[in-house]
Amino acid sequence: MLFSSIPFLYYFLPLVLAVYFLTPRAGKNAVLFLSSLLFYAWGEPRFCIFMLLSIAQGYVFGRLIEKHAQNKKRSKLFLTASVALSLALRAYCKYADFFLSSVNAVTGLSFKLLHVTLPIGISFYTFQILSYVVDVYRGEVPAQKSFLKLGTYIAMFPQLIAGPIVRYADIAPQLDSRQTTLGDVSSGACRFVIGLSKKVLLANVLYELITAFQQSRDLSVLYFWLYAVSFALQLYFDFSGYSDMAIGLGRIFGFRFQENFNYPYISGSITEFWRRWHISLGSWFRDYVYIPLGGNRVSKAKWLRNILVVWMLTGLWHGASWNFVLWGVYFGILLVLEKLFLLRWLKRLPAVLRHIYALVLVTISWTLFAFTDIGAGFAWLKAMFFGTLFDSGSLYLLLTYGPMLVICALAATPLGKRCYEKLNSRLGPRALTVVDCGGLLCVLVMAAAYLVSGSYNPFLYFRF
């Protein structure tokens, strides 16, 4: 079930909210857990078994790790078992065919592929279980005694499918006690509608532009760049829109989730970009992979190794294909170069040149990201820099879709937020509340009309 779907918006969500707020405080976690299982089972009920088994092993091993905390050897054994089970399940579902096809390609053998269907959201809830058992082992959080509370944390439908990746340490107090005020509901609903508009009115429309580009026979440099920019913007609004909806829903239920995006396309370096893009994933790899490997408190050779290892794993996390590994290595190399000398050089340049530098390199990265066929990806990259600069076809596409791309580009900056803040200071919060309600209602109606029309409406990050 998609957040941006009629069944979710007009059937599932209203029913869950009604039951949740009518239920006494002691039963709210149970309502949230059961509704999350129903949400997850909507498309493929059998995948609930995978998730429940993952929750069960995390619960059992978390208790065992805490029980034997004084015996580090035994405690570490239980931690290893839990981590191995979590990663093995994810590896089987996501990487079995990737491994077999790679072996076949290298050796000339012909192992039969398993064609395992990837459970939606497994990457996200696996990382949440891993962070939980590791934090229990480190003594940073106590093991959760209630299976229901741990299950609610892991399965909670607002963030289950595509994050943000929520840490147990951040949410544990809210599982025990939380209050939802009228202000929380209002703020959460506004955030949800903003995310919905980014997804439906921007990301979906950008896909229509991409479809139009794909149907064109143009082969000019301008054409390839228009396509690449459209894909970059679509990916951003698709994923950040989902994160906004998840954060908004969490707020309605009384939870505070971590921000996941902070206007990444205004960055002046690749280092800054990854501080702004998919923040919860970057912080997870930092705290559970990079720092345990030694971080930057080791020799320079090991430090560089640590960065490259993290980025190879980041690439693999996104997908079981060599193009994702290459995409991760690409960013790892750029980050290493920036840390060694590029950042010092960039600081001497005007802000606009730093911004262009980051945008060009990030746009190139999405080309690697988009093509599982690496050969096709490199051919596309070559076409972005070599060939006829433009022709009548690409100029027509630019004139036709340029205004939409400009609107989307501006929407990816803090310009709208700054204008809102200035308007707030002039009109005052009371007057602006009326404007907010009217504007959000219009956006909601427009999004609903778009969805009723049956237009394209998936989430790209569902495959991760």
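Ala, Val, Leu, Ile, Met, Phe, Trp, Tyr, Cys and Pro count here as nonpolar, Asp, Glu, Lys and Arg as charged, and the others, Gly among them, as polar. The structure is a predicted model, in which local features need pLDDT of at least 70 and side-chain atom pairs count only at pLDDT 80 or more, while totals for chains, interfaces and linings use all residues. Residues are numbered from 1 along each chain as its sequence is written, and side-chain values use heavy atoms, with hydrogens and water left out.

Two or more lining residues come from each of α11 (270-276), α12 (279-290), α13 (300-318) and α14, and α12 gives the most, with 7 residues; helices are DSSP runs (H or I, at least four residues) numbered from the N terminus. The lining of the second largest pocket divides into 12 nonpolar, 7 polar and 4 charged residues.

A search of the whole structure for cavities, sets of points where a 1.4 Å probe fits but cannot get out, finds 2 of 30 Å³ or more. The largest cavity, with a volume of about 50 Å³, is lined by Tyr227, Ala228, Phe231, Thr363, Trp366, Thr367, Ala370, Phe371 and Trp380. Helices α10 (221-252) and α15 (351-370) are the elements that give two or more residues to this lining, which divides into 7 nonpolar, 2 polar and no charged residues. The second largest cavity holds about 30 Å³ of space, and its lining comprises Asn323, Leu326, Thr367, Leu368, Phe371, Asp373, Ile374 and Gly377. The elements giving two or more residues to this second lining are α14 (322-346), α15 and α16 (374-383).

On the surface, Leu349, Val352, Leu353, Ile356, Val360, Phe385 and Phe386 form a nonpolar patch with about 640 Å² of accessible area together. Val352, which is placed in helix α15, is exposed, with a relative accessible area of 52% (exposed means over 50%, with a 1.4 Å probe and protein chains only). Such a patch is made of residues with over 30% relative accessible area and no salt bridge, nonpolar side chains being joined within 5 Å; areas come from the Shrake-Rupley method with a 1.4 Å probe, and a salt bridge is a side-chain nitrogen of Lys or Arg within 4 Å of a carboxyl oxygen of Asp or Glu.

Conventions
On a 1 Å grid over the protein atoms alone, a cavity is a set of points where a 1.4 Å probe fits but cannot get out, and a pocket is an open set with protein on both sides within 12 Å along at least five of seven lines; lining residues have an atom within 4 Å of a point. Grid points are joined across faces, edges and corners, and a volume is the space filled by probe spheres set on the points. Patches are made of residues with over 30% relative accessible area and no salt bridge: like charges are joined within 9 Å, nonpolar side chains (Val, Leu, Ile, Met, Phe, Trp, Tyr) within 5 Å. Buried means under 20% relative accessible area, exposed over 50%, partly exposed in between (1.4 Å probe, protein chains only).
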